[in-house]
Amino acid sequence: MSSVADRDLRISKLTKEFATFTAVKSLDLVVPQGSFFALLGPSGCGKTTTLRMVAGLDTPTSGSIHLGDLDVTYEKPYRRPVNTVFQNYALFPHLDIYENVAFGLRRRRSPEVARQVDEMLALVELTSQARKKPPQLSGGQQQRVALARALINRPEVLLLDEPLGALDLKLRRSMQLEIKRIQTEVGLTFVHVTHDQEEAMTMADTIAVMNAGVIEQMGSPTELYENPATTFVANFLGQSNLIAGKIIGREGDVVKVQMEGTVVSIPADRAHADHGDGWVGIRPEKVLIAPAGQPIDAPGNHMTGAYVTDVSFVGVSTQYLVRMPWGQELMAFEQNTGVRGIIPVGTAVDVSWRPEFAFLLDASQDVN
Ligand code: ATP
């Protein structure tokens, strides 16, 4: 009898070569059983190929895939406890919703079809639509049917390949929460492929950021956003200011960096380089500005001699571009709390951020 921890999905040194092109390069990852895991990356980075190998639709060139102790690397797709939901739903148009969901059970001559289908339709909130045909449903409803159909055989792992790609933005947002709710209720392992960073952050417990066939970084949405380890991750998950500096070295639990005109301290656990040239990274909403001479609520890296070059009012926030004395423009996003008016273009400002919010990256990497 396997224990709960025995059903983690373990991918080890997984590689896929197509003729002259290597789509997936020695990928290692562990997806804990029952977690919501997102594979996030730009088009062509190897997400779908990875998913297809887990599903058994592509054969790895090398490496292995285990579910707990079970080696499924070369197992036939239908013999794996894995199911996939695709973007295009792949429903049977001539069968009603009930029969679409029941299909897998009938094929396996499973007992208690009615009870199981009723339960599944209730889970995806489509009980009242059971006798309609797929073309009579909205895109979001069809995707929920696809989800119910994939879940009814109780796979251990559900793979979702850009399942919301065909939906408009508003429906996408509500389906993200809906799928997350369903995952929490059924408690199965979900592996979700997407190129949409907001989608991954909304849904997943853990995100693996993929780029050119390798995983750049893996962690919780907040870890990846607040403490990116590479320039690719810093830029793929939102916007960041990257400021060139020379790394002086570690002093206690901070790393000191000489930037233009000032020395800044980066917490050691956010420093992903320890010598040579570095990028000091700071998210725009962590950059505070104030008209020159007025106090800023951020002890630490206080810089003077900047001025506002651009202002965009976007409702919830105001987005500033601020030219620093060394010529670089930094982004500073400020919540519109109504406490202060908008600072006009041309105003001389002081700039600051709390040192604990900055991160340090290796500057030998390209800035993507
Ligand atoms: P998208 O979001 O666009 O689907 P992806 O990250 O899922 O992108 P993959 O579909 O895994 O990317 O493709 C990774 C790379 O492998 C791409 O450059 C693609 O052109 C290539 N590739 C995929 N399948 C094949 C194939 N059968 N033969 C040759 N090259 C392939």
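This is a predicted model: local features need pLDDT of at least 70, side-chain atom pairs count only at pLDDT 80 or more; totals for chains, interfaces and linings use all residues.
**The ligand shell**

Begin by selecting the ligand together with the residues around it: Phe18, Phe21, Ala23, Gly41, Ser43, Gly44, Cys45, Gly46, Lys47, Thr48, Thr49 and His195. Then colour strand 2 (21-31) and helix 1 (47-55), each of which supplies at least two residues of this shell. Helix 1 provides the largest share, 3 residues. Colouring the shell around the ligand by class shows 7 polar, 4 nonpolar and 1 charged residues.

**Helices 2 and 3**

Next, select residues 97-107 (helix 2) and 113-123 (helix 3), whose axes lie 10 Å apart at an angle of about 130 degrees. Helix 2 is therefore oblique to helix 3. The crossing of the two is right-handed. To view the contact, display Tyr98, Val101, Ala102, Leu105 and Arg106 of helix 2, which meet Val113, Gln116, Val117, Met120 and Leu121 of helix 3. By class, the residues of this contact comprise 8 nonpolar, 1 polar and 1 charged.

**Helices 4 and 5**

Finally, move to helix 4 (residues 139-151) and helix 5 (residues 169-186), whose axes cross at roughly 20 degrees and come within 11 Å. Because angles under 35 degrees count as roughly parallel, helix 4 is described as roughly parallel to helix 5. Their crossing is right-handed. On the helix 4 side, select Gly139, Gly140, Gln143, Leu147 and Leu151; on the helix 5 side, select Leu171, Met175, Ile179, Ile182 and Val186, which together make the contact. The contact of helix 4 with helix 5 has 7 nonpolar and 3 polar residues, with no charged residues.

Methods: Residues are numbered from 1 along each chain as its sequence is written. Axes are lines fitted to C-alpha atoms, for helices over the stretch in contact, and angles run from 0 to 180 degrees between N-to-C directions. Helices (H or I, at least four residues) and strands (E, at least two) are DSSP runs, numbered from the N terminus. Angles under 35 degrees count as roughly parallel, over 145 as roughly antiparallel, 65 to 115 as roughly perpendicular and the rest as oblique. A crossing is left-handed if the near helix is turned anticlockwise from the far one by less than a right angle, and right-handed if clockwise. Two residues are in contact if their C-beta atoms, placed from the backbone, lie within 7 Å. Ala, Val, Leu, Ile, Met, Phe, Trp, Tyr, Cys and Pro count as nonpolar, Asp, Glu, Lys and Arg as charged, and the others, Gly among them, as polar. A residue is near a molecule or strand if its C-beta atom, placed from the backbone, lies within 6 Å of it.
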